[in-house]
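Please open the model in your viewer and keep the selection tool at hand. This tour goes from one stop to the next.

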Amino acid sequence: MVSSALADRSYRPSPGGFSLEPAAAQLYAAFAPVAASDPVPHCRHCVSDTDLAALAGPPASVAPDLVSRFVRKAGTTWGGPDDLRRLTPRILTLAADHRLNVSRSLVWKQFRAAGWHDWPQTEVDAVGRFLLAEFTRLLRVPPRPAHVAHRWLAQVSTGVDDLSGFLTVWHDSMGPLPDPSIQVTAVGHLVELLTSSPLRPDLPATMADVFPQNPDVAQQVTNFLVGPGTDLDLRRAASEQAGAPSARRVSVAVERLRRFRAAAGGGPGAAR
């Protein structure tokens, strides 16, 4: 199964889409029926009875450091796919707030190994909606080293093969309808992709270097950049931000996108 949320190109974030609380509540509700294994498979040398008891408690109350240890050991010396599944809401909400001591890439590697796409559809869709809400929130905050759209997408692509829903959110956040402050930050994340990622504008194949965990998604992001909407949004931002401290970097991004579209065959006008 694939989350219909992640494949929904008509997804539109609500004005309050920056808040994760509604999506997080739906996530916990969707996974509430999942019971803890009894007994939980584990290595007695690696996992104590105290650890087992703590992990068996309500997922929302499990300490971040214990969740991090479990994610590292899941599927090998502690727990199986259903144990990971039961803790999914806690894992994802902690990861969203940078409270895990493991990378998001490892989290999604574990989810892929646990076959998350084949979980009940209500659970899969709840995961998709939460991720869309998290990405929406990310785009509303100026980019910084640990908070950049293309890096987040690269990490999530370790376990997610369809990025179309995220790219829809990104496109809509840069468009003419959102508040100007949202446009500015969403464009800022695009500027980071074009100027500070492994992408080389004259070599579209280097998009795969931006997504080393899942190069197959590179074409989706290439299509997002080559489409006329992204070019128009970036050019509009360059005009509106003329004279601002960000103007030079946005202008550089406009030129790099022009070269990328020309090299990727972006259609009439791409090489102008």
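Select Glu192. Glu192 is buried, at a relative accessible area of 15%. Buried means under 20% relative accessible area, exposed means over 50%, and partly exposed lies in between (1.4 Å probe, protein chains only).

A word on the source before you move on. This is a predicted model: local features need pLDDT of at least 70, side-chain atom pairs count only at pLDDT 80 or more, and totals for chains, interfaces and linings use all residues. Residues are numbered from 1 along each chain as its sequence is written, and side-chain values use heavy atoms, with hydrogens and water left out.

Arg249 forms a salt bridge with Glu192, and their closest N and O atoms are 2.7 Å apart. Salt bridge here means a side-chain nitrogen of Lys or Arg within 4 Å of a carboxyl oxygen of Asp or Glu. The pair links distant parts of the chain: Arg249 sits in helix α14 (residues 247-264) and Glu192 in helix α10, 57 residues apart. Helices (H or I, at least four residues) and strands (E, at least two) are DSSP runs, numbered from the N terminus. Arg249 is partly exposed, with a relative accessible area of 37%.

Next, select Asp51 and Arg69. What is the distance between their closest N and O atoms? It is 3.1 Å, and the two residues form a salt bridge. Asp51 belongs to helix α2 (residues 49-55) and Arg69 to helix α3 (residues 64-73), 18 residues apart. Asp51 is buried at 12% relative accessibility. Arg69 is partly exposed at 25%.

Go to Arg137 and Asp97. Their salt bridge has its closest N and O atoms 3.3 Å apart. Arg137 lies in helix α7 (residues 121-139) and Asp97 in the loop between α5 (88-96) and α6 (104-113), so the pair ties together parts 40 residues apart in sequence. Arg137 is partly exposed at 23%, and Asp97 is partly exposed at 40%.

Then select Asp82, Arg85 and Glu123 together. A network of salt bridges links these residues. The whole structure holds 13 salt bridges.

Last stop: Pro176. Where is Pro176? Look in the loop between α9 (164-174) and α10 (180-196). Is Pro176 buried or exposed? Pro176 is exposed, with a relative accessible area of 65%. Leaving aside neighbours within four places in sequence, Pro176 is in contact (heavy atoms within 4.5 Å) with Gln183 and Arg236. Finally, pick Ala149: Pro176 and Ala149 are 27 residues apart in sequence and 20 Å apart in space, C-alpha to C-alpha.
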